[in-house]
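Could you walk me through this structure in my viewer, one selection at a time? I am new to it and would like to know what to click and what I will find there.

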Amino acid sequence: MINKIGRVKAAKTIDFMETELPDLKEGEARVKIEASMICGSDLHIFKDRHPSVKLPVTIGHEFSGMVLETGKNVEKIKKGDRVVVEPSVICGTCEACRHGNYGYCENISFTYRCGDGAMAKYFTGQADRMYLLPDTISCEKGALTEPLAVAVHGVKRAALTLGDTVAVIGAGAIGIMVAVICKRLGAKTVIISDYSKYRLEMARELGIDRTVLASEENLTDVVKDYSRGKGFKKAFECVGLEAALHQAIECVCANGLVTIVGIFEKPQIQIDASLFVKKELRIQGSQGYCWDFEDALQLLQEIPFEKLITHRYPLEQLEDAIRVAGDISKNSIKVCINP
Ligand SMILES: [Zn+2]
Ligand SMILES: [Zn+2]
């Protein structure tokens with residue numbers, strides 16, 4: 001059987017590779033891909049501005065599908081099962097892996113960077129990195145497990161607690177998911193800002209108290225209003241821009257915690273170091289996920305995140321789909337490829 005895999009060949013150029021499917025090795029399973037979402041990181045790659053990805057590279061890492069066949073010694077899943085795939089590739093032997101902290105694997109990679117992109121007809125990989133989709137979760141919704149796991153990981157790192165006050169900068173899929181999870185964990189107030197009215201409407205539909213249209217209101221002023229000038233306890237930077245990080249810093253109170261989830265195309269930025277002392281400001285990053293897929297699957301069953309899927313395209317129109325996903329005027333949040 002021939003697989004067709006979408007690839008970013010050069011900046012702003014998509015092509016497709018046609019390759020013979022490999023034989024299944026021990027512990028592997030083959031999946032017919034049913035739904036594959038475009039991620040913000042794919043947009044950075046498309047522009048050749050991803051800080052850790054070189055072109056050409058196959059893309060697609062948020063996907064689900066139906067198991068076609070399994071190799072030797074695969075017990076957890078069988079032919080006909082619907083699964084979502086955790087796309088990080090870990091060595092299993094470095095110190096971090098041996099301690100179960102595979103998110104810090106010294107040799108970490110992702111399936112798409114190894115030529116197994118999921119903007120494709122089929123995916124072949126380790127069965128122990130696949131999770132069964134509950135009957136209540138469609139393949140399309142299941143393909144949101146990966147970005148939701150990113151959001152879950154960020155919120156866990158921020159140690160959200162009952163009564164927390166939270167500002168989220170950026171209402172892309174991850175920002176909205178972060179905000180909704182904070183709310184569900186008992187945050188008292190969650191405010192999210194963006195330049196897209198459409199995205200903010202979606203955040204409100206999913207239960208966020210207060211949204212800020214960045215072209216009309218200043219998030220920092222709104223946060224000060226809500227907190228008698230003190231600032232919120234926690235902020236999440238979900239954009240990947242210096243200005244957004246500065247805003248996140250302005251939004252938090254003394255000893256406040258800023259968590260960076262966005263990917264910075266220009267990582268060299270300026271920060272006033274005295275804030276770390278004067279305000280005892282804390283800033284941390286959040287990278288991917290580590291044991292977060294099952295929690296994400298649980299949340300997917302409880303929250304109608306499928307509302308975030310705004311556009312659908314066949315595999316052949318991958319380039320159009322990427323352009324729509326990267327164009328704020330097209331009111332897109334999650335763009336789904338149905339191969
Ligand atoms: Zn992603
Ligand atoms: Zn490792």
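Here is a short tour of some charged side chains in this predicted model.

**Stop 1**

Now zoom in on K188. You will find K188 in the loop that runs between α5 (173–184) and β12 (189–194). Is K188 buried or exposed? K188 has a relative accessible area of 58%, and the cut-off for exposed is over 50%, so K188 counts as exposed.

**Stop 2: R49 and E265**

Next, turn to the salt bridges; the count for this model is 21. Select R49 and E265 to see one of them, with the closest N and O atoms 3.3 Å apart. Follow the chain from each partner: R49 sits in the loop between α1 (40–46) and β4 (57–58), while E265 sits in the loop between β15 (252–260) and α9 (274–278). The two are 216 residues apart, so this pair links distant parts of the chain.

**Stop 3: R312 and E140**

Now select R312 and E140. Their side chains meet in a salt bridge, at 2.9 Å from N to O. Here strand β17 (residues 309–314) carries R312 and helix α3 (residues 139–142) carries E140, and the pair links parts of the chain 172 residues apart. How accessible is each partner? R312 is partly exposed at 46% relative accessibility, whereas E140 is buried at 18%.

**Stop 4: E306 and K141**

Keep helix α3 in view and select K141 together with E306. These side chains also meet in a salt bridge, again 2.9 Å from N to O. Because E306 lies in the loop between α10 (293–302) and β17 while K141 belongs to helix α3, the pair ties together parts that are 165 residues apart in sequence. E306 is partly exposed, with 36% relative accessibility. K141, on the other hand, is buried, with a relative accessible area of 9%.

**Stop 5**

Which arrangement joins K4, K121 and E316? Salt bridges with shared partners connect these residues into one network.

Technical notes. Residues are numbered from 1 along each chain as its sequence is written. Chains are lettered from A and ligands numbered from 1 in the order in which they are written. This is a predicted model: local features need pLDDT of at least 70, side-chain atom pairs count only at pLDDT 80 or more; totals for chains, interfaces and linings use all residues. Side-chain values use heavy atoms; hydrogens and water are left out. Helices (H or I, at least four residues) and strands (E, at least two) are DSSP runs, numbered from the N terminus. Buried means under 20% relative accessible area, exposed over 50%, partly exposed in between (1.4 Å probe, protein chains only). A salt bridge is a side-chain nitrogen of Lys or Arg within 4 Å of a carboxyl oxygen of Asp or Glu.
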